[in-house]
Amino acid sequence: MGSLLLAALVVGSGIAAQRLSPGQVGLQLVENAAATAAGLYAIILMVGPVSGAHFNPVVTLVDAAFGGLSWRDAAAYLPAQVAGCVGGAILANLMFDGPAVSISTHHRASSAHLLAEVVATAGLILLIFSLVRSGRGERAPAAVGAYIGAAYWFTSSTSFANPAISVGRMFSDTFAGIAPASVPAFAAVQLAGGAVGYGLVRLFYPSTPAGPAQAAEVLLPHPSAAAPTNGNGAAPVHPSRGVS
């Protein structure tokens with residue numbers, strides 16, 4: 001559901017921007033980025049306590065590499081993320097009275113775009129896990145939304161930073177779409193960016209003996225009758241959020 005809402009947010013706001021501001025690409029990007037940043041913050045808060053808000057296969061894989069998520073659970077998340085993003089793109093097409101599926105013709109895989117995706121993905125990984133490892137995980141929803149909104153502008157690729165959303169955006173030939181021929185290269189460099197981000201986290205925030213156990217509790221909820229509460233009887237919101 002989180003991945004579906006994320007793709008519907010990105011694609012739907014792109015369609016709306018294209019229709020409301022025809023021929024004004026800069027303004028369209030402002031509208032798309034602003035909606036994505038604000039909506040991502042809300043979606044993370046919405047589903048974070050259920051699943052850890054893992055919308056992004058790269059975040060999930062890095063989480064598993066740090067020991068916060070089992071590889072078996074990570075493998076189960078991946079198809080759900082891709083299916084959710086495809087479904088979200090289709091939903092956005094339908095909400096704007098377009099064909100359910102329209103394969104994008106927007107080719108993006110230039111060398112500059114691919115470098116931008118490495119940077120965008122590495123930055124996202126470093127942001128999420130640095131917040132968790134420094135005890136500031138409750139700030140992740142706002143921080144991730146802000147980062148993605150900014151990365152729309154400081155990267156030439158407009159910061160997909162997510163293989164699942166790259167696949168989903170193939171299915172909408174609109175402002176936010178990406179041609180199928182560009183997706184394999186995008187996914188490959190996003191994974192490379194995830195590896196770079198993983199290395200930077202290990203360099204800047206070395207693990208402690210309690211690191212894997214702490215990550216497991218922070219990144220993936222483990223509800224139980226004895227779970228701590230936030231003082232009003234509700235379980236605390238899990239601070240680390242996968243994203244975009």
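This text goes through a predicted model, from the overall fold to selected residues and their contacts.

The protein chain holds 9 helices and 0 strands, and its pattern along the sequence reads α-α-α-α-α-α-α-α-α. Of the 244 residues in the chain, 51% are buried. The accessible surface comes to about 10300 Å², and carbon and sulfur atoms account for 69% of that surface. Among contacts between residues at least 6 apart in sequence, 77% join residues at least 24 apart.

Helix α2 spans residues 25-51 and contains asparagine 32. Asparagine 32 counts as buried because its relative accessible area is 2%, and the limit for buried is under 20%. Its side chain makes a polar contact of 2.6 Å with the side chain of serine 13. Leaving aside residues up to four places away in sequence, asparagine 32 touches Val10, Ser13, Gly14, Ala17, Tyr152 and Phe175.

Leucine 27 also lies in helix α2. With a relative accessible area of 36%, leucine 27 is partly exposed. Together with Val30 and Trp153, Leu27 makes a nonpolar surface patch of about 280 Å².

The aromatic side chains come next. The count of aromatic pairs is 4. One of these joins phenylalanine 66 and tyrosine 198, with 4.6 Å from centre to centre and 35 degrees between the planes, a tilted arrangement. Phenylalanine 66 sits in the loop between α3 (57-65) and α4 (71-95), while tyrosine 198 belongs to helix α8 (residues 183-204), so the pair ties together parts that are 132 residues apart in sequence. Tyrosine 147 and phenylalanine 154 form an edge-to-face pair, because their ring planes stand at 70 degrees, with the centres 6.1 Å apart. Here tyrosine 147 counts as buried at 16% relative accessibility, and phenylalanine 154 as partly exposed at 48%. Phe66 and Tyr198 also belong to one aromatic cluster with Phe129.

Charged side chains remain. Side chains of opposite charge can pair when their charged atoms come close. In this model the count is 1 salt bridge. It is formed by arginine 139 and glutamate 138, whose closest N and O atoms are 3.8 Å apart. The cut-off for a salt bridge is 4 Å. Glutamate 138 is exposed, with a relative accessible area of 54%.

Terms used. Residues numbered from 1 in each chain as written. Predicted model: local features only at pLDDT ≥ 70, side-chain atom pairs only at ≥ 80, totals over all residues. Heavy atoms only, no water. Helix = DSSP H or I, 4+ residues; strand = E, 2+ residues; numbered from the N terminus. Buried < 20%, exposed > 50% of the residue type's maximum accessible area, 1.4 Å probe, protein only. Polar contact = N/O pair within 3.5 Å; in protein donor to acceptor, adjacent residues only side chain to side chain. Contact = heavy atoms within 4.5 Å. Patch = residues over 30% accessible without salt bridge, like charges linked within 9 Å, V, L, I, M, F, W, Y side chains within 5 Å. Areas by Shrake-Rupley, 256 points an atom, 1.4 Å probe, with all protein chains shown as cover. Salt bridge = Lys/Arg side-chain N within 4 Å of Asp/Glu carboxyl O. Phe/Tyr/Trp six-rings, centres within 6.5 Å; stacked < 30°, edge-to-face > 60°.
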